[in-house]
Amino acid sequence: MSWRVRVVHTTGYQYEAPVMQSYNEARLTPRGDRRQNVVVSRVETTPATRAYRYTDYWGTEVTSFDLHAPHKELQVVASSVVETSDLIEPVTTGTWADMREENLLDRYTEFLEPTRYTPRNRELLSKARELKKGKTPSEAVLAASQWVSEQLKYQAGSTGVHSSAVDAWHERKGVCQDFAHLTLVLLRGMGIPARYVSGYLHTKKDGALRETVRGESHAWIEAWTGGWWGYDPTNAMPVGPRHIWVALGRDYADVAPLKGIYSGGAATALEVTVDITRLA
Amino acid sequence: MWTMEHRARTSGLRRSRTVTTPRLGELFNGYLNPARPHAGAYDEMFSTDNGVRSAYRALYESVAPSQVNELNARSEALGRAFVDQGITFSLSGQERPFPLDLIPRIITATEWSKLEKGIVQRVRAMEMFLADIYGDAQIVRDGVLPRRLITSCEHFHREAAGISPPNGVRIHVAGVDLVRDEQGTFRVLEDNLRCPSGVSYVMENRRTMARVFPDLFARHRVRAVGDYAVHLLRALRNAAAPNAADPNVVVLTPGLGNSAYFEHSLLARQMGVELVEGRDLFCRDNFVYLRTTEGERQVDVIYRRIDDDFLDPVHFRPDSVLGIAGLLNAARAGNVVVANAVGNGVADDKLVYTYMPEIVQYYLGEKCLLPNVDTFRCWLSEERSHVFDHLDELVVKPVEGSGGYGIVFGPDATVRELNSLRKRIKSNPRGWIAQPVVQLSTVPTKVGDKLAPRHVDLRPFAVNDGNFIFVLPGGLTRVALPEGSLIVNSSQGGGSKDTWVLAAKSSTQERELAQPGLAGPSEMEVAAAEQGPELTTSQQQQQQ
């Protein structure tokens, strides 16, 4: 059963000295598709700005805004009401032969190539071969996700925003971004097209109605095994009503929730809070 | 001796296609020595039977009888004129004149009309190609090109997806590099659809030549090049969003340190628009403004001479100080036009170049008029093994980069260089193409006290104003000065030649021939004409 949830995501920056100019892009608007329905969504900033919205190459809704008055703090609040998807089952129709088909390789070339966050790595490549042995593609996706969730220890703040999958694997710990990246390296190593999904997770398994929980900004993966389907390697669980998806791309760089440039002194990120309330 | 008398003396021979010259003049002594390097190259002045080709006949008649000291005097006059005008290019931080050779390169009306058609076709096809790949990528869906050909281009900027310029033009200026092979066929060597430079030399070469050789221009019907800026300004004004009644156009330069700064300032001056640097502009709420002494002034069109990577630190290199933060989204919002468009580099990729015949066929349903140089694609395993087998005979080029950077000339490379090249190709086959050595055509060039054959290429410039693609008659002819050298880049000891396109006898261009080097209508006139007619009648539609 799908849920109806409200998400209020608050983020931003604090500056040591007043900033005169800043240009930013926020990717904080959940996407609608046949599984998820976005009822309403808005992005607001303090100080107030005149926002401009566009859809980027990956289909993500981007809110861009710039500030020209001196400010010492920038706060961005994205709120939306979303009807989430049902529990997503693996798509099992694809065979390994399908994965090697020239048309498919070309169509999903961007989701098969290594990226800065998901580089090629010899050890991980042989691990990928080992994991896929005797399994169908969809089973291999589950096996890879399972392996990653066993290899990495979830530890907030253990890696930085610029850490790659291989960095996290060497550390044996990471955050959801690293779990997703490491799974992508394995899946792409197996020849399975795979992409990065950013969104939110309701932290309670049986979300009580009208109870606001401190959720989190989350990331998981989607794999193509005859069709696209998502899986959450951080929690080794299927994607379902607790997941709200916002953007997808090759890796984190394509979907960074808030990025920008400004002129002025050092900045510290504001504490990110994600308040999620199940409405129905 | 550069006088009219010679015309009478030889005019009896004009009827035949070529003039047979059993003995070449003193200046051409040894010119056709069969032992010269690259003797197989097509010489643009002399045919294989040592006759003078018709295009060069009048020039030959003027030049051949002259004395060495006269030639030297003219050559010095040319050099002085250049230094006087301050035309230099900077090489490793040193300003030096770009040597202009005194023998022009001549193209007949018939040859030019073919080239012009070919260039126009190419630009039309490339416009459609760029619009497509930054939109729905229909050419990929239809299986004509593999998707990975596009997505693996270094200059495929996903940030530019969905930006559609108001009048649809992405290639406001194109520079198509051509060479002439051993048979005399013009072939495309590469496309430059990002920031092609060199047009200032075309105009300045002509101005200087007209000053030093007024007599030659009296004897030839040479099509004018001085009105380039008029065409460029029209294209840039047309590019503006339709609501900009009097669009504000600026030329964006990286600054004084850039090797083409002279060109940037020349074009801005001739167009009568501001020459600006990134710090002079800023974006606010997706509009671009110029800081002036009278306050902010909105900018509608930016003719930028800065690479994509430096253009907007929000989307590209965040450390760039040359660009303007927020520019890309201002263009996306339709409030400013960036010319040439961001992301055009895909069309300059030398692997994409090899698919040009398919691209032209797909979008226009036509055969590609200008052939490419035969090219082997290292990313196809069959062609790659051919390249590996013939590495020492081929010219191997990285698909990215221009200006001759990174090119390995197989016949001149050492075994070690070839081995290292082989490794680099293996590790990144997508990054390399290979071509047979093309003996570029030769044109007589002053070397010491003589005229000797030297290899040349040609970069014509096309300007697309949305209704019409104008090709500047001629273009930049670059010449490799060292004997036998095929490398024409100015950074590698190249010079240039004035390029003459002869008018067809019956052409309507006769007017512009009367005074060589004279510009077309003045900027004022053009600007006035573009304001459109006065609004004298009111119009209103009745409600039905």
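**Figure 1. Confidence scores of the predicted model.** The model as a whole scores ipTM 0.94 and pTM 0.90. Chain B has an average pLDDT of 86, and 85% of the residues of chain B score at least 70. Residues 1–22 of chain B stay under 50 in pLDDT. The model has 28 contacts beyond four places in sequence for residues 1–22 of chain B. In residues 515–538 of chain B the pLDDT is also below 50. That stretch, residues 515–538, has 23 contacts in the model beyond near neighbours in sequence.

**Figure 2. Chain A and its dimensions.** Six helices and 16 strands make up the helix and strand count of chain A. The C-alpha trace of chain A spans about 60 × 40 × 35 Å along its principal axes. A compact globule of 280 residues would have a radius of gyration near 19 Å, and chain A, with 19 Å, agrees. Of the 280 residues in chain A, 44% count as buried. Taking contacts in chain A between residues at least 6 apart in sequence, 75% join residues at least 24 apart.

**Figure 3. The two domains of chain A and the contact between them.** Domain 1 of chain A consists of residues 4–85 and 257–278, and domain 2 of chain A of residues 96–254. The centres of these domains, taken over C-alpha atoms, are separated by 24 Å. In the contact, domain 1 of chain A takes part with 22 residues and domain 2 of chain A with 24 residues. On the domain 1 side, strand S1 (4–19) and strand S16 (273–278) of chain A each supply at least two residues. The largest share of that side, six residues, comes from S16(A). The residues of domain 1 of chain A that touch domain 2 of chain A are 10 nonpolar, eight polar and four charged.

**Figure 4. The contact between chain A and chain B.** This contact takes 17 residues from chain A and 19 residues from chain B. Several elements of chain A each supply at least two residues of the side that touches chain B: strand S2 (21–26), strand S4 (52–55), strand S5 (61–67), helix H2 (102–107) and strand S14 (258–263). S4(A) provides the largest share of that side, three residues. By residue class, the side of chain A that touches chain B has five nonpolar, five polar and seven charged residues.

**Figure 5. The two domains of chain B and the contact between them.** Domain 1 of chain B is assigned residues 1–10, 23–373 and 438–530, and domain 2 of chain B residues 376–436. Their contact takes 14 residues from domain 1 of chain B and 12 residues from domain 2 of chain B. Strand S7 (186–192) and helix H14 (350–353) of chain B are the elements that give two or more residues to the domain 1 side. The residues on that side of domain 1 of chain B divide into four nonpolar, six polar and four charged.

**Figure 6. Helix H7 of chain B.** Helix H7 of chain B runs over residues 199–212. At 1.5 Å a residue, its 14 residues should span 20 Å, and its end C-alpha atoms, 20 Å apart, agree with this. Because 11 of the 14 residues of H7(B) are buried, the helix is largely enclosed by the rest of the structure. Among the buried residues of H7(B) are B:Val199, B:Tyr201, B:Met203, B:Glu204, B:Arg206 and B:Val212.

Methods
Residues numbered from 1 in each chain as written. Chains lettered and ligands numbered in written order. Predicted model: local features only at pLDDT ≥ 70, side-chain atom pairs only at ≥ 80, totals over all residues. Domains from an automatic or database assignment. Contact = placed C-beta atoms within 7 Å. Helix = DSSP H or I, 4+ residues; strand = E, 2+ residues; numbered from the N terminus. Nonpolar A, V, L, I, M, F, W, Y, C, P; charged D, E, K, R; others polar. Rg over C-alpha atoms; globule rule 2.2 N^0.38 Å. Buried ≥ 20, exposed ≤ 12 C-beta atoms within 10 Å, placed from the backbone. Expected span 1.5 Å × (residues − 1). pLDDT = per-residue confidence, 0-100.
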